[in-house]
Amino acid sequence: MSLCYSSSTFITHPSLKHQTLSFNFSSHPPSHFINLFKVKSNRPIKYTKQKLKLYASLSQSEQIETTPTTFRIKNPKDVNVLVVGSTGYIGKFVVKELIQRGFNVTAIAREKSGIKGSIDKETTLNELRGANVCFSDVTNLDVFDEDLKNLGVGFDVVVSCLASRNGGVKDSWKIDYEATKNSLLAGRKLGASHFVLLSAICVQKPLLEFQRAKLKLEDELVKEAEKDDRFSYSIVRPTAFFKSLGGQVDLVKDGKPYVMFGDGKLCACKPISEQDLASFIVDCVMSEDKINKILPIGGPGKALTPLEQGEILFKLLRKEPKFLKVPIGIMDFAIGVLDNLVKVFPSLEDAAEFGKIGRYYAAESMLILDPDTGEYSDEKTPSYGNDTLEDFFARVLREGMAGQELGEQTIF
């Protein structure tokens with residue numbers, strides 16, 4: 001039954017006491033807490049150059065008779081946009097940006113959303129004011145189809161901001177692939193001729209289940225456009241989100257060291273704010289130059305390593321930099337232990353996956369990956385927007401992390 005209304009990782013290691021380290025999951029991964037052991041050796045995660053080159057270079061149901069360019073000549077107020085994942089960290093900002101630009105927005109939401117279902121319908125309606133809010137279950141195609149049909153309207157564009165809440169194996173395939181595909185199928189039945197997908201830049205080097213799930217959906221969007229020239233897509237692959245880099249602000253403010261793995265240069269990113277990313281995603285709704293493209297995107301300025309991120313924070317606090325460097329081998333060994341335990345205790349499958357996720361974000365840059373060299377490139381990673389990480393840190397120092405909680409994206 002349809003009810004419609006109009007109106008982003010922390011790792012703690014025993015030797016670090018109360019110190020925590022935040023990782024970016026670019027709008028995706030995990031929850032749950034796992035106790036890591038004190039370990040010494042390492043076992044690196046391997047990948048082949050052939051697979052790396054394939055994924056890094058990837059670019060390019062019942063259906064309604066539509067002409068894909070028709071809606072692009074309309075006034076935004078006459079363009080119907082369906083948004084799934086509308087209550088998520090980025091989804092909320094996408095809905096607001098669409099409304100601000102004058103689009104007719106239908107936002108799909110769960111009856112209980114937010115961290116552990118803490119947000120009720122009334123709060124959701126208030127957060128998505130200006131949109132037609134439809135409470136439905138995008139993981140159930142039959143129910144979702146029926147609820148959309150009962151709205152009695154068609155759609156021009158579907159924007160998906162869906163992402164797995166915990167990054168577990170089953171949840172990744174249920175949300176990042178199946179639920180997202182359901183939104184594609186359901187939207188197509190009601191006339192949608194363009195699909196905007198919020199993916200992640202880390203799928204270039206897919207070592208994790210949520211990355212493989214996203215890539216499978218990306219591939220199906222490409223195939224859909226190849227077989228039907230009336231359909232188009234825009235795949236947005238953002239770099240790190242601000243909130244994923246803010247977990248240590250209060251700790252450093254309280255005098256604790258800034259924690260990083262290795263020499264603090266293992267990974268870099270061009271962090272982007274939720275507002276800037278939402279603006280870029282909405283650009284994809286009408287822009288002809290973003291049709292049938294994979295669009296990696298970062299925030300303004302040069303890429304920043306964890307070491308540089310920490311230096312920015314100490315500068316704002318006017319404190320002498322104090323860093324704590326943790327060997328990456330600690331995580332490699334823990335992953336090896338968990339992988340072996342999974343063979344005996346299958347229920348630990350997600351625990352092993354969370355370990356791999358933490359390791360990935362501790363070592364891999366969120367930048368364009370050269371498939372030939374296997375190197376990440378700051379220069380090749382596009383920049384967008386005006387919000388900087390330094391501005392974000394300054395705001396958090398003044399106001400705290402309210403609204404930027406990682407919630408179910410916290411692991412360990």
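Before you start selecting, note that the model is predicted: local features need pLDDT of at least 70, side-chain atom pairs count only at pLDDT 80 or more, and totals for chains, interfaces and linings use all residues. Residues are numbered from 1 along each chain as its sequence is written, and side-chain values use heavy atoms, with hydrogens and water left out.

**Stop 1: an aromatic pair**

Select Phe242 and Phe392. Their rings form a tilted pair, 5.2 Å centre to centre with 40° between the planes. Rings of Phe, Tyr and Trp (its six-membered ring) pair if their centres lie within 6.5 Å; planes under 30 degrees apart are stacked, over 60 edge-to-face, and the rest tilted. Phe242 sits in the loop between β9 (232-238) and α7 (249-253) and Phe392 in helix α12 (residues 389-399), so the pair ties together parts 150 residues apart in sequence. Helices (H or I, at least four residues) and strands (E, at least two) are DSSP runs, numbered from the N terminus.

Buried means under 20% relative accessible area, exposed over 50%, and partly exposed in between (1.4 Å probe, protein chains only).

**Stop 2: charges over rings**

Next, show Lys243 with Tyr89. Lys243 lies over the face of Tyr89, 4.2 Å from the ring centre. Then move to Phe93, where the charged end of Lys96 sits over the ring, 5.3 Å from its centre. The rule asks for NZ of Lys or CZ of Arg within 6 Å of the ring centre and within 35 degrees of the ring normal.

**Stop 3: a salt-bridge network**

The model holds 22 salt bridges, each a side-chain nitrogen of Lys or Arg within 4 Å of a carboxyl oxygen of Asp or Glu. Centre on Glu224, which bridges to Arg188 at 3.2 Å, N to O. Glu224 is in helix α6 (residues 209-227) and Arg188 in helix α5 (residues 169-189), 36 residues apart. Glu224 also bridges to Lys227, with the closest N and O atoms 3.5 Å apart. Glu224 is buried at 9% relative accessibility, whereas Lys227 is exposed at 59%. To see the network, select Arg188, Glu224, Lys227, Asp228 and Arg230, which salt bridges link together.

**Last stop: Arg359 and Asp332**

Finally, select Arg359 and Asp332, whose side chains meet in a salt bridge of 2.5 Å, N to O.
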